[in-house]
Amino acid sequence: MYDEMDLRSLGDKKTALFIIIDDKVSSFNFLASIMYAQLFKELCDKADNFYRDKGNRLPVHVRCLIDEFSNIGQIPDFKKIISIIRSREISVGVIV
């Protein structure tokens, strides 16, 4: 009925978010890839719209360590995403 994950708050204060998926069943892995795509979109929009005076950079660096990257499904436009997020204080560590 409502959203308990406020993805936009991740760039404001130090926060840890763990995305845990079943490694034996892959039928819901697409949800993790959609969540990552939405996370990157929300954070980029936030940097562009709310932190223009700071060079479109989030005040707290967001570091995503994506373990089991090959098991979560394909993140849409991932090559493009990793090329644009660095300037907004977002980084991705891909672990295969």
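Trainee: What should I keep in mind before we start?

Mentor: This is a predicted model, where local features need pLDDT of at least 70 and side-chain atom pairs count only at pLDDT 80 or more, while totals for chains, interfaces and linings use all residues. Residues are numbered from 1 along each chain as its sequence is written, and side-chain values use heavy atoms, with hydrogens and water left out.

Trainee: How many aromatic pairs does a search of the whole structure find?

Mentor: It finds 2. One of them is Y36 with F40, 6.3 Å centre to centre and with 25° between the planes.

Trainee: What makes Y36 and F40 buried or exposed?

Mentor: Buried means under 20% relative accessible area, exposed over 50%, partly exposed in between (1.4 Å probe, protein chains only). Y36 has 10% and F40 has 1%, so both are buried.

Trainee: And why is the pair of F69 and F78 called tilted?

Mentor: The ring centres of F69 and F78 are 5.1 Å apart and the planes stand at 40°, so that pair is tilted. F69 and F78 are both buried.

Trainee: What makes a set of residues a nonpolar core?

Mentor: Its members are buried Ala, Val, Leu, Ile, Met, Phe, Trp, Tyr and Cys residues joined through side-chain atoms within 4.5 Å. The largest one has 22 residues, and Y36, L39, F40, I75 and I90 have the most contacts inside it. Helix α1 gives the most to this core, with 8 residues. Leaving aside neighbours within four places in sequence, L39 is in contact with L7, L10 and C64.

Trainee: What makes something a pocket?

Mentor: On a 1 Å grid over the protein atoms alone, a pocket is an open set of points with protein on both sides within 12 Å along at least five of seven lines; a cavity is a set where a 1.4 Å probe fits but cannot get out, and lining residues have an atom within 4 Å of a point. The largest pocket holds about 610 Å³ of space. Of its 24 lining residues, L17, F18, R63, C64 and L65 are the closest to its centre.

Trainee: Which element gives the largest share of that lining?

Mentor: The strand β1 (62-66) does, with 5 residues.

Trainee: How about the second largest pocket?

Mentor: That one has about 170 Å³ of space. F40 is among its lining residues, along with A37, K41 and C44, and α1 gives the most to the lining, with 5 residues.

Definitions and conventions. Phe/Tyr/Trp six-rings, centres within 6.5 Å; stacked < 30°, edge-to-face > 60°. Points joined across faces, edges and corners; volume = space filled by probe spheres on them. Helix = DSSP H or I, 4+ residues; strand = E, 2+ residues; numbered from the N terminus. Contact = heavy atoms within 4.5 Å.
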